[in-house]
Amino acid sequence: MDDRKFTSTKFYVLGVSLFGLFVYFFHFSVSFPSLRDWVLIYVLTASVLIVNRFLIYLPPKGNSISMDSSIYLACLFVFDLHITLLVLGIFSLIYALYKRSIELWKHLFNFSMYSLMLVSAYYVFLVSGGMIGVVNTTNIFPYIIALFVYFLVNIVVLSCYFIVSSQRLFNGVLNFGLLKEVGMTYCITLILSLALSVLLQETKYFGLFLFTILILFLSMAFRKLLHLYQETSNQVNRDHLTGLYNHGFFKETLKEQFADCKKLKKPLTLAFLDLDDFKKYNDRNGHLQGDKLLAFFGARLKKEVEGTNFTVARYGGEEFAILMPNTTKEDAYAFLNRLRKEVNDTYFDGVEHIPYRCLSFSCGIAEMEKDMHESDELIHRADQALYYAKAQGKNNVQLYDKHNMCLDEIKFKQDLEALEQQVKFFLSKDVYTYRHSKRVFKYALEFGSRLNELTDHERQTLILGALIHDIGKIEVPRDILNKRGKLEKHEWEIIKKHVTWGREIVAAEKRFDELIPLVELHHERYDGKGYPYGLKGEEIPKLARILCIIDSFDAMTTERPYQPTKTFEEALEEIERCAGTQFDPVYAAKFVAFVREHYLPLAEMEQLN
């Protein structure tokens with residue numbers, strides 16, 4: 001709420017409070033009640049206190065009604081305005097002292113509103129022919145009119161408050177369905193007030209005692225019904241396996257929060273999480289164990305969002321969703337990437353038999369943008385980001401980026417799927433190489449999309465070549481690939497042959513002939529000291545020069561058995577130092593600028609978390 005709205009709200013509350021106090025004391029009689037009247041007033045006040053303590057709770061959770069209006073109206077019809085205002089005043093004073101946690105202005109506003117409602121109903125009752133102290137069928141019409149005015153004053157005062165404060169709840173006040181519910185509540189109030197009026201007229205104290213007991217039992221009965229209602233709602237809205245919200249409930253919640261955040265101009269972020277290699281886990285360990293894994297992961301997500309306003313749900317199968325209102329995509333990335341690392345370090349029985357040998361998930365994140373009109377657009381973007389994350393080798397978190405994803409594998413799906421099948425052979429031999437190829441693929445996709453001098457066809461060739469560039473390592477003995485420490489000379493000569501072996505594998509299928517230079521020449525150096533042919537400068541194809549930079553960057557920033565890992569900044573400094581010797585100086589400078597702009601902020605955020 002901005003300052004102007006806040007000031008208007010304060011003036012409105014002050015105005016209603018002062019007017020209500022004026023009306024109350026204007027009608028307050030200076031005559032001192034008799035002892036019998038004081039006993040009645042105290043008993044009535046005690047009854048109001050009891051019914052306010054035992055509210056009648058209604059679904060959905062958080063809604064409740066108090067039957068104190070029934071007592072006030074019955075007191076008004078049977079006794080008079082003076083007695084009723086005394087009961088209201090004493091109750092309000094006691095309640096304010098008891099509920100000191102509630103701000104004083106709210107007590108005062110509520111007291112003033114009740115004063116206006118009771119005084120208005122009193123005069124309308126008299127004008128319409130009602131007689132105080134006489135409860136019979138001739139007074140039915142005045143009773144109805146008085147209650148209608150009582151109800152109307154309440155609605156008008158509250159509606160004006162919501163208009164002034166510009167809160168969303170005002171829309172709910174004018175909602176026909178809600179008006180119907182409120183109207184039903186007031187009809188019940190009228191019936192109970194008439195019943196109490198009869199009891200007060202016939203058997204004053206005993207009648208009030210019976211009414212209070214009735215309200216107390218109604219309160220307990222409705223609490224039980226509410227509990228049953230909530231249990232039933234949970235069964236409908238919850239996934240029976242994980243205990244999280246289900247797909248249907250999540251979609252409805254997303255629609256509501258999408259509308260709210262868009263109207264209030266607050267951020268809203270959606271994340272999709274997919275357990276990696278869940279089918280392989282199921283095939284290896286059985287579906288019962290797979291269900292246990294889903295329940296375990298669901299419980300972990302539920303624990304992670306405790307104390308937040310996030311909504312987590314099982315979206316379907318092994319896919320989960322987290323809705324994060326008032327959260328930017330950068331904050332969501334930090335939260336989920338931290339969770340990803342913690343999940344990697346969390347053991348669950350059987351995960352040692354799946355490719356990464358640990359529990360992992362892929363995640364796609366999208367944030368609501370100004371140009372979005374439907375919540376389904378946010379779902380589509382988060383889903384695209386998730387697909388993109390899985391295409392990068394899984395076990396990573398990806399932010400949706402329209403610019404990055406315009407050239408992704410979807411445009412040349414057939415070629416990519418064919419190459420993907422070949423690359424997957426690494427899983428049986430060298431998980432590191434597979435993941436490395438996926439990361440190089442990702443960098444090529446993103447960096448290539450920023451190189452305006454490349455044609456679309458060149459970009460696609462660079463991306464496919466990045467994915468397949470190390471395919472020849474499938475021929476390298478496993479003990480050499482996984483060796484820790486410095487390689488012997490003969491072992492290094494074998495490693496170097498992977499480019500030749502890779503060329504032979506790719507050449508076996510003519511449709512990928514354009515990828516051969518990238519596979520065979522990505523280890524050539526700009527100064528001519530590379531392998532396998534010692535090509536120099538412009539002799540090396542342009543795309544192979546670009547791939548050399550990307551491949552080296554990922555190799556430097558990823559843990560390897562035979563060399564220390566560098567930070568992003570250290571790797572960039574190395575590329576700058578070797579520009580003109582190992583790397584093409586033009587593309588080296590462009591790649592360094594790209595990483596500094598696109599990756600360093602996220603890397604720094606990861607370090608902070």
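**Reading aromatic pairs and helices in a predicted model**

Modeller: The secondary structure of this chain comes to 26 helices and seven strands. The model is a predicted one.

Biologist: What share of the contacts with a separation of 6 or more comes from residues 24 or more positions apart?

Modeller: Such residues account for 70% of those contacts.

Biologist: How do I read a helix, taking α5 as the case?

Modeller: Start with the general idea. An α-helix has 3.6 residues a turn, so residues three or four places apart point the same way. Now the case here. Helix α5 covers residues 104–127, which is 24 residues. From its first C-alpha to its last it reaches 35 Å, close to the 34 Å expected at 1.5 Å a residue.

Biologist: Which residue with a positive phi follows α5?

Modeller: That residue is G129, and its phi is near 100°.

Biologist: Next, the rings. What makes a pair edge-to-face?

Modeller: Two ring centres must lie within 6.5 Å, and the planes must be over 60 degrees apart. Counted by the rule for ring pairs, there are 27 aromatic pairs. One of them is Y24 with F25, an edge-to-face pair at 5.2 Å centre to centre with 85° between the planes.

Biologist: Are Y24 and F25 buried or exposed?

Modeller: Y24 is buried, with a relative accessible area of 5%. F25 counts as exposed, because its relative accessibility is 53% and the cut-off for exposed is over 50%.

Biologist: How are the rings of F447 and F591 arranged?

Modeller: Their centres are 5.2 Å apart and their planes stand at 85°, so this pair is edge-to-face. The pair links distant parts of the chain: F447 belongs to helix α17 (residues 431–448) and F591 to helix α25 (residues 585–598), 144 residues apart.

Biologist: Are F447 and F591 buried or exposed?

Modeller: F447 is buried at a relative accessible area of 2%, and F591 is buried at 0%.

Biologist: Which residues join F447 and F591 in a cluster linked by ring pairs?

Modeller: The cluster also holds Y443, F553, F568 and F594.

Conventions:
Residues numbered from 1 in each chain as written. Predicted model: local features only at pLDDT ≥ 70, side-chain atom pairs only at ≥ 80, totals over all residues. Heavy atoms only, no water. Phe/Tyr/Trp six-rings, centres within 6.5 Å; stacked < 30°, edge-to-face > 60°. Buried < 20%, exposed > 50% of the residue type's maximum accessible area, 1.4 Å probe, protein only. Helix = DSSP H or I, 4+ residues; strand = E, 2+ residues; numbered from the N terminus. Expected span 1.5 Å × (residues − 1). Contact = heavy atoms within 4.5 Å.
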